[in-house]
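Please open the model in a viewer and keep the selection tool at hand. The stops below are meant to be followed in order.

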Amino acid sequence: MLKIDAARLYRAIEALGRIGAYVDEPTGLTGVNRLALTDADGEGRRQVLAWMRELGLDVTVDRIGNVYARRAGREDTLPPVVIGSHIDSVPTAGRFDGCLGVLGGLEIVRTLHESNIRTRRPIVVAFFTDEEGSRFGTDMLGSAVATGRLPLESAYALRDRQGLAVRDELERIGFLGPAPVETIQRMPPHAYLECHIEQGPILRARERDIGVVTGVQAISWQALTITGKSAHAGTTPMHLRADAGVAAAKVNLRLREMIASGRYGEPMRATMGAIVPHPGMVNIVPGRALATVDLRNPSEEDMRRAEADLISYYTQVEREEKVRIEWRRTARTEPVPFDPKIQDRIAAAADALGLGHERIISGAGHDAQELARLCPTAMVFVPGEHDGISHNPREYSTPEQCASGVNVMLQIALDLAEE
Ligand code: HGY
Ligand code: MN
Ligand code: MN
């Protein structure tokens with residue numbers, strides 16, 4: 001059975017991981033910071049493009065910076081099999097999130113070259129812009145634009161906390177490409193495959209080599225602006241305060257209470273990842289606070305109820321704390337199921353490779369959930385060490401774990417590319 005070169009894949013992952021590397025102070029570990037459209041992201045993009053061109057792939061960059069690298073098929077006008085993911089990262093990332101899928105795709109191409117295999121269909125290796133959403137506030141930006149969920153102009157207008165806009169930053173790093181973003185809609189892929197780290201503890205705890213991903217849960221992000229009254233911490237009596245920091249804390253605790261209530265289903269997850277009081281001084285009652293809310297739920301119905309209940313709680317906090325809470329939805333996707341037939345093929349390929357596997361829903365969002373609107377789509381998960389920790393420099397999957405996932409994806413890609 002055809003297999004990839006595991007060591008070469010891992011060398012590529014380590015090489016890309018050196019771009020945007022930083023030393024994480026508290027732990028001394030080396031992490032990765034390639035926030036979307038920063039210089040580090042630009043450098044990482046140029047490195048992957050260089051690898052794509054070394055492989056003789058036909059590379060196009062679209063107007064939102066998505067990159068598609070095409071390997072011709074015997075019947076080159078047929079819709080391609082696309083293998084993709086992302087190479088942008090959160091600011092405190094590891095080397096595997098997203099990169100495994102893109103570099104796994106390039107390793108599959110190298111393996112096909114070496115084996116003189118010309119598949120019937122073209123194969124395209126892609127990476128999408130700003131999957132993480134950390135900098136400009138909404139996730140899966142490039143793949144959502146490419147598949148028509150987000151208009152290009154509204155993506156261009158998004159700004160980061162310094163007020164820098166997506167369009168200007170794309171241009172600045174040299175990735176405001178010429179290709180229309182609709183390219184992939186005009187000729188939908190025959191199928192889309194993504195290999196990704198699980199980013200959670202399940203597969204490793206159950207000693208499974210492969211996760212057959214059934215789909216992605218619903219995601220709902222909000223940005224809160226809480227306005228109270230700034231005051232002197234020593235002279236202002238408590239009953240005269242309008243403390244934006246306390247209001248943010250109440251919302252954060254309410255998230256925890258909502259989960260504990262069980263009213264929104266066991267798997268509901270809620271996170272207030274950012275709380276930024278202003279002016280953030282020890283002796284000043286914060287007159288303003290910015291905060292974020294991240295809700296996840298595999299049930300759309302439970303998610304909607306949770307959103308509605310949370311928003312009505314804001315009114316209660318406004319009354320109790322004499323503040324104003326403005327909220328803005330910054331990301332929202334419903335649960336997305338993946339193609340059941342390809343899931344079965346992934347399970348069969350894992351069996352043929354002697355790899356243990358199980359079905360698993362994705363707790364994290366992925367570009368695959370956007371491509372699923374256009375074509376049959378599936379994901380292959382690999383386990384991670386240290387309880388599968390991710391979005392953290394401790395993120396780690398072994399060379400064997402990475403190779404197993406990409407070897408399974410290779411089998412599926414070969415099957416699909418011969419259909
Ligand atoms: O937030 C997520 O689920 C993904 O890491 N973008
Ligand atoms: Mn990812
Ligand atoms: Mn991520």
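Begin in the loop between β2 (30-32) and α2 (39-54), where Leu37 is placed. This is a predicted model. Display the backbone torsions of Leu37: phi is positive, about 65 degrees, although the residue is not a glycine. Most residues other than glycine have a negative phi. Leu37 is buried, with a relative accessible area of 0%.

Next, select Glu207, in the loop between α8 (202-205) and β8 (210-216). Here too phi is positive in a residue other than glycine, with a value near 55 degrees. Is Glu207 buried or exposed? Glu207 is exposed, and its relative accessible area is 63%.

Continue to the loop between β12 (275-278) and β13 (284-285), which holds Pro279. Show the peptide bond that leads from His278 to Pro279: this bond is cis, and omega is near 10 degrees. Most peptide bonds are trans.

**The manganese ions**

Asp97 and His391 link distant parts of the chain, being 294 residues apart. Asp97 is in the loop between β5 (81-85) and α3 (99-114), whereas His391 is in the loop between α13 (385-388) and α14 (399-418).

Colouring these two residues by accessibility shows a contrast: Asp97 is buried, at 6% relative accessible area, while His391 is partly exposed, at 37%.

The distance between the manganese ion (ligand 2) and the manganese ion (ligand 3) is 3.5 Å, and Asp97 coordinates both.

**The cysteines**

Finally, select the cysteine sulfurs. How many disulfides are there? The count comes to zero. Start with Cys195, whose closest cysteine sulfur belongs to Cys402. The two sulfurs are 7.6 Å apart, which is too far for a bond, because a disulfide requires sulfur atoms within 2.5 Å. Cys195 is buried, with a relative accessible area of 0%.

End at Cys375, which is also in no disulfide. The cysteine sulfur nearest to that of Cys375 is in Cys195, 17 Å away. Cys375 is buried as well, with a relative accessible area of 8%.

Note on methods
Residues numbered from 1 in each chain as written. Chains lettered and ligands numbered in written order. Predicted model: local features only at pLDDT ≥ 70, side-chain atom pairs only at ≥ 80, totals over all residues. Heavy atoms only, no water. Donors = N, O, S within 2.8 Å, 3.2 Å for Na, K, Ca; no water. Helix = DSSP H or I, 4+ residues; strand = E, 2+ residues; numbered from the N terminus. Buried < 20%, exposed > 50% of the residue type's maximum accessible area, 1.4 Å probe, protein only.
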